[in-house]
Amino acid sequence: MMIAGIIAVCVILAVLAFFLPRLSRHAEQGTQKTLGLGSRAGGKAPGPLGRLLSKPFSSSSKAVDRSGSLGRRMRGHMPF
């Protein structure tokens, strides 16, 4: 369920970054903040369990970052 949610957020963010690049930054920062909270909460577990619990949030954060930058980059490559 979480994977489908992250994929949906990435797609929405990429489309938003393509059509409204300035407004997409706010949405991207809000998503990054939320994922950062989950990563920090998972990281408080002791030892290797903490790394294991925070990893999905950090990889999701990277995916959100990539999708937003991809949408803005594609907008910059438009011929008109």
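Residues are called buried under 20% relative accessible area, exposed over 50% and partly exposed in between, with a 1.4 Å probe and protein chains only. The legends describe a predicted model, in which local features need pLDDT of at least 70 and side-chain atom pairs count only at pLDDT 80 or more, while totals for chains, interfaces and linings use all residues. Residues are numbered from 1 along each chain as its sequence is written, and side-chain values use heavy atoms, with hydrogens and water left out.

**View 1. The aromatic pair of Phe-18 and Phe-19.** Searching the whole structure gives one aromatic pair, where pairing requires ring centres of Phe, Tyr or Trp (its six-membered ring) within 6.5 Å, and planes under 30 degrees apart count as stacked, over 60 as edge-to-face and the rest as tilted. The ring centres of Phe-18 and Phe-19 lie 5.1 Å apart with planes at 85°, so the pair is edge-to-face. Phe-18 is partly exposed at 22% relative accessible area, whereas Phe-19, at 54%, counts as exposed.

**View 2. The largest nonpolar core.** Ile-6, Cys-10, Leu-13, Leu-35 and Val-64 make up this core, a set of buried Ala, Val, Leu, Ile, Met, Phe, Trp, Tyr and Cys residues joined through side-chain atoms within 4.5 Å. Helix α1 (residues 2-19) gives the most to the core, with three residues; helices here are DSSP runs of H or I with at least four residues, numbered from the N terminus.

**View 3. The surroundings of Val-64.** Leaving aside residues up to four places away in sequence, Val-64 touches Val-9, Cys-10, Leu-13, Glu-28, Thr-31, Gln-32 and Leu-35, a contact being heavy atoms within 4.5 Å.

Methods: Helices (H or I, at least four residues) and strands (E, at least two) are DSSP runs, numbered from the N terminus.
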